[in-house]
Amino acid sequence: MIAHKLLYCVNQTHYQPIVMRKLSAIALYAAFIGIPALFYSFKTLKTTGNIFDTIKIETGLISGIKSDSSDVIAYKGIPYATPPVGNLRWKAPQPAKPWQGVKHCDNFGPSPMQAKPVPFMVYTREFLIPEQPISEDCLYLNVWTKARHGAKKPVFVWIYGGAFTSGGAAVPIYDGEAMAQKGIIFVSINYRVGVFGFMAHPELTKESGNNASGNYALLDQIAALQWIKRNITAFGGDPDNVTIAGQSAGSISVNCLVASPVSKGLFNKAIAESGSLLVDNPTMKANDLKDAEQQGIKLADAVHATTLDELRKVPAEDLMKAPGRYSPIVDGYVLPETVAQIFAEGKQNNVPVLTGWNADESFVTSFANKDAFIQQAKDKYGADADEFLKYYPANTDEEAIRSQIKLSRDIIFALSGFKWASLQSSQEKAPIYVYYFARKLPATPEYAKYGAFHTGEVAYVMNNLKFLDRPWKLVDFQLASLMSSYWINFATNGNPNGKGLPVWQQFNTQSYQAMVFDNGAVNLELPDKDELLFMLKRVK
């Protein structure tokens, strides 16, 4: 999910990502306009004669809402930490406080603090968080289950995207009922974003106890995973069979959690859809702690705060107006080294991985003509320009446009997943499976041009097409059933294959096999493999 309009614009000499403007809660599927639809099939759980009347977790009793159309019960808005407000702003999440009586968990908690959601490009209201509530008090999670206490079902934890500046779990296509109906425990979590999730400062580093600051979003995710470890048995989940999954910034989060020593033992499988920090990404870079601290100093100056106490009293709206770029930080604690270094040294958490990207996920809206594109290739790649133009041809202006879209996709999304797959398969410590999503989502003419766009696969993966207002065809529902089954199987045992499904081969650097999702599922040599190999040699 992208919270900004990311435009990969081409000029005479280079490609440069331009942040057009903050669109806050555009968590590339951060919340649907049809939020009431989330509740149409649910009723408040009262007395049903089973253990789900109330569940006891570590902080007290909770009740949920049961679907009218399935056996799934949803528990929404469960606090997994104390609200990170006041003196807890920019601190690691603290344990949630106990309560008396039964907490009715029948509504999502507030989305994390961010600007008002505004549609852009293909991302209509369906992809935005609800306009309300939005708050710094946001550390809540949601559980969908049809299992009984102690059933030890696999657990699937969803981490949303949003360029680390927007997003939230209260998104209709993130609804967990369809996945839970297939036999897993589905959990979605909120975490802090933007200045609240990644603000570093020398004084914050001093007070932290870990000589680090800034990665509060990742610490929120880790705290949620720790909560799951302690509490998921009450929902019928297996605390030792947990899969973390995310898309875009959520995928980068997954990549960071796999890299982090702090998250060791909290999950045993990972799904990363469109994003990692294994190669330089012009739209998303991990900051060095010192650089991040300098940004924090500038922010404090901008809001006229001279102490942490003053900073913590600055209204959220004022903080969001101050300029800044927020993303994971190489802080020496959560990320002791860059993600690329950790993986190169084989220090990551070695878990089975499922990763991939979409055919048309790019954010180019301004294009060079064929002559300018060819000149850029010569300037950048010199003697290799002819080979570059073989993979990204520009014989006509129209062909040059298509090549710029493909180049944007590769640099921002595909190369990072390809590097992860290549590294993990060569280290031979855990399997990795790669997909390529090529289904062009059915759409009206206004949106059809976006094809298999960034985020387009999510509703299929979660079998949630009903939440998207599109002219779906039978093949789309079949594809959603197929993809969600692969994801469920992987979450169950680390292998997406199962009875009745086309065989999905592990990725390796001999055959480069990937599952291509379009009108169905076909295991093929990875599309565009040669261009990715060419580009991978030329990125850091």
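The model is predicted. Across the whole structure, a search finds 21 salt bridges. Two helix pairs are also described, namely helix 12 with helix 16 and helix 4 with helix 5.

- Glutamate 293 and lysine 290 are joined through their side chains by a salt bridge, with an N to O distance of 3.7 Å.
- Both residues belong to helix 6, which covers residues 289-302. They are three residues apart, or about one turn of the helix.
- Glutamate 293 is buried, because its relative accessibility of 5% falls under 20%.
- Lysine 290, by contrast, is exposed, since its relative accessible area of 55% is over 50%.

**Salt bridges around lysine 529**

- Lysine 529 forms a salt bridge with glutamate 525, and the closest N and O atoms of this pair are 3.8 Å apart.
- Lysine 529 also forms a salt bridge with aspartate 530, where the closest N and O atoms are 3.1 Å apart.
- Lysine 529 itself counts as buried, at 13% relative accessibility.
- Its two partners are partly exposed: glutamate 525 has a relative accessibility of 45%, and aspartate 530 has a relative accessible area of 41%.
- Salt bridges with shared partners also link Lys406, Arg409, Asp410, Asp528 and Glu531 into one network.

**Helix 12 and helix 16**

- Helix 12 spans residues 397-427 and helix 16 spans residues 529-536; their axes come within 10 Å and cross at roughly 80°.
- Helix 12 contributes Lys406, Leu407, Arg409, Asp410, Ile411, Ala414, Leu415, Phe418 and Lys419 to the contact.
- Helix 16 contributes Lys529, Glu531, Leu532, Leu533, Met535 and Leu536.
- Sorted by class, the residues of this contact comprise nine nonpolar, no polar and six charged.

**Serine 403 in helix 12**

- Serine 403 is located in helix 12 and counts as buried, with a relative accessibility of 3%.
- A polar atom of the serine 403 side chain lies 2.6 Å from the backbone oxygen of proline 393.
- Leaving aside residues up to four places away in sequence, serine 403 touches Phe373, Tyr392 and Pro393.

- Helix 5, made up of residues 249-259, is mostly covered, and 11 of its 11 residues are buried.
- Among the buried residues are Ala249, Ile252, Asn255 and Val258.

**Helix 4 and helix 5**

- The axes of helix 4 and helix 5 lie 11 Å apart, and the helices pack at an angle of about 70°.
- Helix 4 is thus roughly perpendicular to helix 5.
- On the helix 4 side, the contact is made by Leu218, Gln221, Ile222 and Leu225.
- On the helix 5 side, it is made by Ser253, Cys256 and Leu257.
- The residues of this contact divide into five nonpolar, two polar and no charged.

Terms used
Residues are numbered from 1 along each chain as its sequence is written. Side-chain values use heavy atoms; hydrogens and water are left out. A salt bridge is a side-chain nitrogen of Lys or Arg within 4 Å of a carboxyl oxygen of Asp or Glu. Helices (H or I, at least four residues) and strands (E, at least two) are DSSP runs, numbered from the N terminus. Buried means under 20% relative accessible area, exposed over 50%, partly exposed in between (1.4 Å probe, protein chains only). Axes are lines fitted to C-alpha atoms, for helices over the stretch in contact, and angles run from 0 to 180 degrees between N-to-C directions. Contact means heavy atoms within 4.5 Å. Ala, Val, Leu, Ile, Met, Phe, Trp, Tyr, Cys and Pro count as nonpolar, Asp, Glu, Lys and Arg as charged, and the others, Gly among them, as polar. A polar contact is a pair of N or O atoms within 3.5 Å; within protein, one must be able to donate a hydrogen and the other to accept it, and residues adjacent in sequence count only if both atoms are side-chain atoms. Angles under 35 degrees count as roughly parallel, over 145 as roughly antiparallel, 65 to 115 as roughly perpendicular and the rest as oblique.
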